[in-house]
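The entry is shown first, and the notes follow by topic.

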Amino acid sequence: MADNETKSVDWRRWGGLGQAALNGVFGDYLARRGNPLAIEMDFYHQRRPLPLDETLALRSGLVFSNKIVVLLHGLTNLESIWDIKPRQADAVVEPKPDNYGLRLQRDFGYTPLFLRYNSGLPVRENGVRFSQLMTRLLAVYPLEIDELILIGFSMGGLVMRSAQKSADQTDAPWLRKLKRCFYIGSPHEGSPFEQMGHRFSALVREFPRDYISQWADWIDGRSEGIRDLREGLDPAPLATPGRGFYPGARHCFISGSVSPKNGSLINKLVGDSLVTQTSAHPRAAPPDSRFAHFEGVPHIPLAHCNRVYRQIKQWCEEDTLAGGSQPLRQTISLTPVAAAAPWRDGRLAAGVVDILADGYLQTVGAVESMHRAIARDPHEVLARIPLVRPVAKVVDETHKGVAGVVYGSLKLGGKLVQGGTRFVAGRWAGKRSDGRRQ
């Protein structure tokens, strides 16, 4: 491969990771504004969205069977979080992809599907969308699906649970296919990381000076998805065994820790660095649930760890021997038709400029607010002195007028840039086969 082609692929990879991070932190805001950087929920294969229509079998490049596994990434992640790096001794120039989904395909015949979604949206909203997407999948899947298993990493596990609740309320057909759910490092009872962020925001907001306390608004600008992790889906007083879990499936919970030392204080305080063992093994788990804990495996490695997969495989083998798994009946392998590139570079660039322009506007607004708050104190002091009170009033009004013109001009420039980027994004907008924006 030529050097320039290699760089192009790398740019797309890093661009995708950057987009996922932005969606995790500001995804709800991007969605409200219609910013092209907002991720739409889809199943992905080889970094391309799968067409959920009659062309699925021809254009996806998948090997279809009557059993599927869906893997859901966590906050700020893409489906690449599941990629298992080859051992140094096995590394080659172009190593074959490896992850839990592909291993389940190799060992049990499951067709792996990888969900990509906007992790900054509220968990419950993503759960509803995932349930709807699963219903659409069943309608176009080329075989009758006999068995479905879900694997969720971190926030992905909460989205799985919300989807089960939504599917139960709407009688979605896919729920009856669900046999097993694996929750890997999921903060069912909340994450200490987000809990600390919430406390820090409250502390800053209580500061008596406006030019300090206003920064709490910036801290609270984090997405609804992140804030949902403060208490998770099972706040301790409300934890009821089995609540929120589909009773027709077996539920398996996996946790990790930063230290390999069993029972260490650091593990009790921060768990795997983001989720504690008690949160990953919730009190609301159904009575027949399975649990596994891996000392010395931190949060992110839980998504691509050989030890974790061996546990998943063992549980699947146990169900197979016990007759709890459907036999592999059919497979279909078709030659794929090249799919259209999922990105339009013009819209991507417009989305980047739009969010930079909006960040600029918010920064100008914060600086203006801080400027006025700092200037208010000396003006109030001068206004109390009878001798200089008339002059102080003129100076204060003049200062406000000049500041208004300066900051107004700066804001106008940012708004003009935003208007231009929206025009560009609209010009580059495309339609996919399912009618949604490309």
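Cys181 counts as buried because its relative accessibility is 0%, where buried means under 20% relative accessible area, exposed over 50% and partly exposed in between, with a 1.4 Å probe and protein chains only. The model is a predicted one, in which local features need pLDDT of at least 70, side-chain atom pairs count only at pLDDT 80 or more, and totals for chains, interfaces and linings use all residues. Residues are numbered from 1 along each chain as its sequence is written, and side-chain values use heavy atoms, with hydrogens and water left out.

**Cysteines**
- The structure holds 0 disulfides, a disulfide being a pair of cysteine sulfur atoms within 2.5 Å.
- Cys181 is in no disulfide, and the nearest cysteine sulfur belongs to Cys252, 8.3 Å away.
- Cys252 is likewise in no disulfide; the nearest cysteine sulfur to it is that of Cys316, at 7.8 Å.
- Cys252 has 0% relative accessibility and therefore counts as buried.

**Helices H4 and H5**
- The axes of H4 (residues 123-140) and H5 (residues 155-170) come within 7 Å and cross at roughly 60 degrees; axes are lines fitted to C-alpha atoms, for helices over the stretch in contact, and angles run from 0 to 180 degrees between N-to-C directions.
- H4 and H5 are therefore oblique to each other, given that angles under 35 degrees count as roughly parallel, over 145 as roughly antiparallel, 65 to 115 as roughly perpendicular and the rest as oblique.
- H4 passes H5 in a right-handed crossing, meaning that the near helix is turned clockwise from the far one by less than a right angle.
- The contact (heavy atoms within 4.5 Å) involves residues including Val123, Phe130 and Ser131 of H4 and Met155, Leu158 and Ala167 of H5.
- The residues of this contact divide into 8 nonpolar, 5 polar and 1 charged; Ala, Val, Leu, Ile, Met, Phe, Trp, Tyr, Cys and Pro count as nonpolar, Asp, Glu, Lys and Arg as charged, and the others, Gly among them, as polar.

**Helices H3 and H12**
- H3 (residues 100-108) and H12 (residues 306-321) have axes that come within 11 Å and cross at roughly 35 degrees.
- The crossing of H3 and H12 is right-handed.
- Among the residues that meet are Tyr100, Arg103 and Phe108 in H3 and Tyr309, Lys313 and Cys316 in H12.
- By class, this contact has 7 nonpolar, 2 polar and 5 charged residues.

**Whole protein**
- The secondary structure comes to 14 helices and 10 strands, which are DSSP runs (helices H or I, at least four residues; strands E, at least two) numbered from the N terminus.
- Of the 438 residues in the protein, 44% are buried.
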